[in-house]
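This report goes through one structure part by part. Please look at the sequence and the model before reading on.

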Amino acid sequence: MTSLRKLPLTCFEADSRKVLPGSIFVCSQGLNHDSHHFVDEAVARGAIGLIATRPVDTRLPCFVMPGHAMSISLISHYYQNPQRQLFNIGVTGTNGKTTVAYSLHKILNQTSPSAYTGTLGCEFDGHQGELINTTPDAITLLNLMKRMVDKGVTHHVMEVSSHALDQDRVSCMDYDITIFTNLGEDHIDYHGSRDDYLQAKLRLADRLKPDGFAIINLDDPMAMAIMDRCQQKSRILTYSTQNPEASLYADPVSASCQGAEFQLHYQGSAYKVSTPLPFQFNVENSLAILAPLLATGQEPEQAINYLKYLSPVPGRCEVISLGNGATAIVDYAHNHDALSGLIRHVRQHTNGHVLTVIGVTGDRLMDAEVIGRCCSQLSDHSFFTTDNPMGLEPDTILASMCRQAISNKITIEANRERAIALALSRFSQQKHSNDVLLVCGKGPETWQYTSIDKLQSEPYAGDKAVIETYARAGGLLL
């Protein structure tokens, strides 16, 4: 440790391709990958030292640890355990993670310096950076949290994915609050079965501090399993739009494409709540945002007031009003549960046509058929296109999407920008009051990942920008 502290290191890096002068390259050996083989590349890029799990032939200082977990502990200790200096909130669930985590970060940041890590990247103290994964690896997390602490950040809200939990990316974390939005079905191609996926999600409960709070959606069918996993070591707050026994209960509820209002029942009192977050499912998300504020002593009136003035989360139900009375909505929905839920909620609030632009990422090929069928059945017309092919030929993905789809209700256009333009062309200058165009899957992303490791990408303007460009050209933008 003394020798490590003598090195003029700038950060630790687990990917040899990302090593910069001053980095310590951290080697590990997994089932299919051994980064010890890339030491020479790391040295060539400017690494000043190594942490490895076996002896390495190198002229650089090399710290050999008995396993990768010990390497993580060494880095954490070197940084003086920055994760323990933060109030950490972990959010997991099939849907709603980003809306809850990012909105909560924005609220907390009004009174306490807060950081966010998740699908939208990393944000704190004016810093905004992209992340390859929703939940970074432990080394990247420790690098980021060290910078957070140095900048005076006190609260850290992060999305925790099933992949991260399964791969022990958050093994260095202990959470003050964990939020479970819902446990549906996703990433079966990776986890192998729905049960394995659920078990991965439930591992977040094991990372909760003994005196922490677990916040659980009582409307989720898996709520009892989550409560069983949490109740032996933590306090529990539940929320619901259906069960009046929940700690936070919303009833009645009024929701639309423009926002929602509901009455919150909490500790024997009732409060009127309004939020710019649209649709019924965002009432659940609003309760998940309110719960940690109330758990940490925030007065209900103040917490509700914060919710009233929330800004839209980038790429999550972003509404664009079109000049002919139609509405375009950009949303990150990309799995069956999220897509079917979104389209059905839109149907509840419009008697017009619903058009959907959707692609399937290369790592979700197993889901392509059911997503194609779902969108063609629930929408008046769907436009199948690309969304991060990640090493697969787009034609392969599109063919799978079409296999069970209703053929006369779909248009295939691999170029995403052209697909959106085609969808908008259905809205002429005549009135299309209540018609809705859903552009789903990418949210705020301004790239298309073309390689399986996400290191190769092509620039993309972004769904919102494309909609605005073509709507303006067609005279449809207000």
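Where is Thr241 found? Thr241 lies in the loop between β12 (235-240) and β13 (248-256). The model described here is a predicted one.

## Two buried residues

Thr241 has a relative accessibility of 13%. Because buried means under 20% relative accessible area, Thr241 counts as buried. Leaving out residues up to four places away in sequence, Thr241 touches Asp219, Tyr249, Ala250, Gln280, Val283, Glu284 and Leu287.

Leu165 belongs to helix α6 (residues 162-166). With a relative accessible area of 4%, Leu165 is buried. Its contacts, not counting residues up to four places away in sequence, are Thr92, Val160, Val170, Ala200, Lys201, Arg203 and Leu204. Cys317 is 152 residues from Leu165 in sequence, and the C-alpha to C-alpha separation of Leu165 and Cys317 is 27 Å.

## Nonpolar cores

In soluble globular proteins, nonpolar side chains tend to be buried together. In this model the largest nonpolar core has 49 residues. Leu4, Phe12, Ile51 and Met148 are the residues with the most contacts inside this core. Two or more residues each come from β2 (23-26), α3 (68-78), β7, α5 (138-150), β10 (175-180), α8 (194-202), β11 (208-217) and α9 (223-230). The largest share of the core comes from α5, which gives 7 residues.

What does Phe12 touch, not counting residues up to four places away in sequence? The list is Leu4, Ile24, Val26, Ile51, Ile75, Tyr78, Tyr79, Ile139 and Asn143. Two of these, Leu4 and Ile51, are named with Phe12 among the residues with the most contacts inside the core. Another core, of 41 residues, lies apart from the largest one, and its members include Ile107, Ile215, Val273 and Ala291.

## The second largest pocket

The second largest pocket holds about 330 Å³ of space. Its lining is made up of 19 residues. Thr119, Leu120, Gly121, Glu130 and Pro444 are the lining residues that lie nearest the centre of the pocket.

Which elements give two or more residues to the lining of this pocket? They are β7 (121-124) and β8 (127-129). The largest share, 3 residues, comes from β7. By type, the lining of the second largest pocket divides into 9 nonpolar, 5 polar and 5 charged residues.

Definitions and conventions
Residues numbered from 1 in each chain as written. Predicted model: local features only at pLDDT ≥ 70, side-chain atom pairs only at ≥ 80, totals over all residues. Heavy atoms only, no water. 1 Å grid on protein atoms, 1.4 Å probe; cavity = no way out; pocket = protein on both sides within 12 Å on 5 of 7 lines; lining within 4 Å. Points joined across faces, edges and corners; volume = space filled by probe spheres on them. Helix = DSSP H or I, 4+ residues; strand = E, 2+ residues; numbered from the N terminus. Nonpolar A, V, L, I, M, F, W, Y, C, P; charged D, E, K, R; others polar. Core = buried A, V, L, I, M, F, W, Y, C linked by side-chain atoms within 4.5 Å. Buried < 20%, exposed > 50% of the residue type's maximum accessible area, 1.4 Å probe, protein only. Contact = heavy atoms within 4.5 Å.
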